[in-house]
Amino acid sequence: MTTPTCGACRGACCELLVQVVREGSSSADYFDWARTRALAVLEGDQMVFQATCPLQTSHGLCAIYEDRPKACADFPPGHPLCLASIRLRRPSYAEELKL
Ligand code: SF4
Ligand code: SF4
């Protein structure tokens with residue numbers, strides 16, 4: 001597998017929100033609601049929702065890259081969540097990378 005680059009990917013991860021929804025921590029109804037609306041369930045309770053960041057530019061880049069939140073900076077290309085984002089939002093790039 002070739003490591004992805006953000007320039008080629010154009011911000012797949014900036015179009016998604018990963019939320020941990022723990023059954024029992026809120027109502028079971030909410031867990032069911034989340035499961036039916038998630039684009040994907042990564043690992044049991046990690047659910048991926050479509051949610052484009054308002055700071056993503058039309059070119060898929062980050063408008064505040066130098067000052068982006070730590071949560072974004074701590075999420076490097078090749079991270080499992082990066083790869084999951086590419087599979088969901090950039091299938092042709094995922095194919096190119098043989099993900
Ligand atoms: S971290 Fe991964 S998913 Fe996010 S823009 Fe970079 S290559 Fe794409
Ligand atoms: S702040 Fe920047 S890096 Fe973070 S999700 Fe938004 S566009 Fe992406």
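This is a predicted model: local features need pLDDT of at least 70, side-chain atom pairs count only at pLDDT 80 or more; totals for chains, interfaces and linings use all residues.
**Entry: overall layout**

I recorded the secondary structure of the protein as five helices and three strands. Along the sequence I read the pattern α-β-α-β-β-α-α-α. For the extent, I noted that the C-alpha atoms fill a box of roughly 40 × 30 × 20 Å along the principal axes. I then looked up burial and found that buried residues make up 13% of the 99 residues. Of the contacts with a separation of 6 or more, 65% come from residues 24 or more positions apart.

**Entry: positive phi values**

I returned to lysine 98 and read a phi near 60°, a positive value in a residue other than glycine. Most residues other than glycine have a negative phi. Lysine 98 counts as exposed because it has 7 C-beta neighbours inside 10 Å, and the limit for exposed is 12 or fewer.

I also noted arginine 10, which has a positive phi of about 60° although it is not a glycine. Arginine 10 is found in the loop between H1 and strand E1 (16-20). I list arginine 10 as partly exposed because 18 other C-beta atoms lie within 10 Å, whereas a buried residue needs 20 or more.

**Entry: ligand 1**

Around ligand 1 I listed Pro4, Cys6, Cys9, Gly11, Ala12, Cys13, Phe75, Pro77, Cys82, Ser85 and Ile86. The elements that give two or more residues to this shell are helix H1 (6-9) and helix H4 (80-89). I noted that H4 gives the most, with three residues. By class, I recorded nine nonpolar, two polar and no charged residues in the shell around ligand 1.

**Entry: ligand 2**

Which residues surround ligand 2? I found Gly11, Cys14, Cys53, Leu55, Gln56, Cys62, Ile64, Arg68, Pro69 and Cys72. By class, I recorded seven nonpolar, two polar and one charged residues around ligand 2.

**Entry: nonpolar core**

I looked up the largest nonpolar core and found six residues, namely Cys9, Ala12, Cys13, Cys14, Leu16 and Ile86.

How values were computed. Residues are numbered from 1 along each chain as its sequence is written. Chains are lettered from A and ligands numbered from 1 in the order in which they are written. A residue is near a molecule or strand if its C-beta atom, placed from the backbone, lies within 6 Å of it. Helices (H or I, at least four residues) and strands (E, at least two) are DSSP runs, numbered from the N terminus. Ala, Val, Leu, Ile, Met, Phe, Trp, Tyr, Cys and Pro count as nonpolar, Asp, Glu, Lys and Arg as charged, and the others, Gly among them, as polar. A nonpolar core is a set of buried Ala, Val, Leu, Ile, Met, Phe, Trp, Tyr and Cys residues joined through C-beta atoms within 7 Å. Two residues are in contact if their C-beta atoms, placed from the backbone, lie within 7 Å.
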